[in-house]
Amino acid sequence: MQWMDSFEWRYACKKMNGQSVPQEKIDSILQAIRLAPTSMGLQPFTVLVITDLELRKKIQPVAFNQSQITDSSHLLVFAAWSSITEDKIREYVANAAHIRNTTTEALKGLSDMLTGALLHQSDEQNFNWAARQAYIALGFGLAAAAMVQVDATPMEGFQPGKLDELLELPAKGLRSVSMLALGYRDAENDWLVNLAKVRRQPEQLFIHY
Ligand SMILES: Cc1cc2nc3c(=O)[nH]c(=O)nc-3n(C[C@H](O)[C@H](O)[C@H](O)COP(=O)(O)O)c2cc1C
């Protein structure tokens, strides 16, 4: 499939059939998420990859009982950092220095930029910024799933506070922002599968100069 065909094929799956997604496809979706760009490269989020059915059964009631929570093969939870600390910036700069075979001193400009941009902001401001970065990764994951013919449902329909409590995210310095259920469509029982996509017209969506 060409990428455009994949994007036409994909839809927000409402009913999945419980079939498992092969590990290599999951790995390619996770790699796409990992390769997503983020502002200043910080990747201020963590993605929880949940296959445990018992845990997904506990998540379902805090996600309006959506069936994809348990009928999917893998449930990804995108959780943004609840605060950004000097330690996190130091860790990022050390990793960049290691990967690029340089020193942290040589990356002082990067470190100063991150510190200047983020450390004077409130935790809430930084969390909102981190959540926006997590959404870019969600988009990459969605697109990659379509390209490897895995069905997906992006999800905001859950109670973040309750999910955070259930997954003990506060202790990890995280707050949930979105989820991505990955699996295969149950075409016979999914009301959305054959409906045309609703999209604004290009002339409404784009302004050309
Ligand atoms: C961030 C985000 C959150 C969404 N939350 C839910 C959700 O909780 N449950 C659901 O069934 N669909 C959810 N959707 C699916 C959208 O309703 C759907 O993507 C949109 O109507 C466009 O349709 P399509 O994805 O089938 O092309 C969400 C989509 C996005 C991007």
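Mentor: A strand is a DSSP run of E with at least two residues, numbered from the N terminus. In this predicted model, β3 covers residues 151–155.

Trainee: Which strand gives the largest share of the shell around the ligand?

Mentor: Strand β3 does, with 3 residues. The ligand is surrounded by residues including Thr153, Pro154 and Met155, along with Tyr11, Lys14, Gln66 and Lys197.

Trainee: What makes a residue part of that shell?

Mentor: Its C-beta atom, placed from the backbone, lies within 6 Å of the molecule. Glu156, Gly157 and Ser178 are listed around the ligand, so each of them meets that cut-off.

Trainee: How many residues of the shell around the ligand are nonpolar, polar and charged?

Mentor: There are 4 nonpolar, 4 polar and 3 charged. Gly157 is in the shell and counts as polar because Gly is placed in that class.

Trainee: What describes the packing of helix α2 and helix α7?

Mentor: An angle of about 145° and axes 8 Å apart. The crossing is right-handed. On the α2 side the contact includes Ile29 and Ile33, and on the α7 side Phe140 and Ala144. Its residues divide into 8 nonpolar, 2 polar and no charged.

Key. Residues are numbered from 1 along each chain as its sequence is written. This is a predicted model: local features need pLDDT of at least 70, side-chain atom pairs count only at pLDDT 80 or more; totals for chains, interfaces and linings use all residues. Helices (H or I, at least four residues) and strands (E, at least two) are DSSP runs, numbered from the N terminus. Axes are lines fitted to C-alpha atoms, for helices over the stretch in contact, and angles run from 0 to 180 degrees between N-to-C directions. A crossing is left-handed if the near helix is turned anticlockwise from the far one by less than a right angle, and right-handed if clockwise. Two residues are in contact if their C-beta atoms, placed from the backbone, lie within 7 Å.
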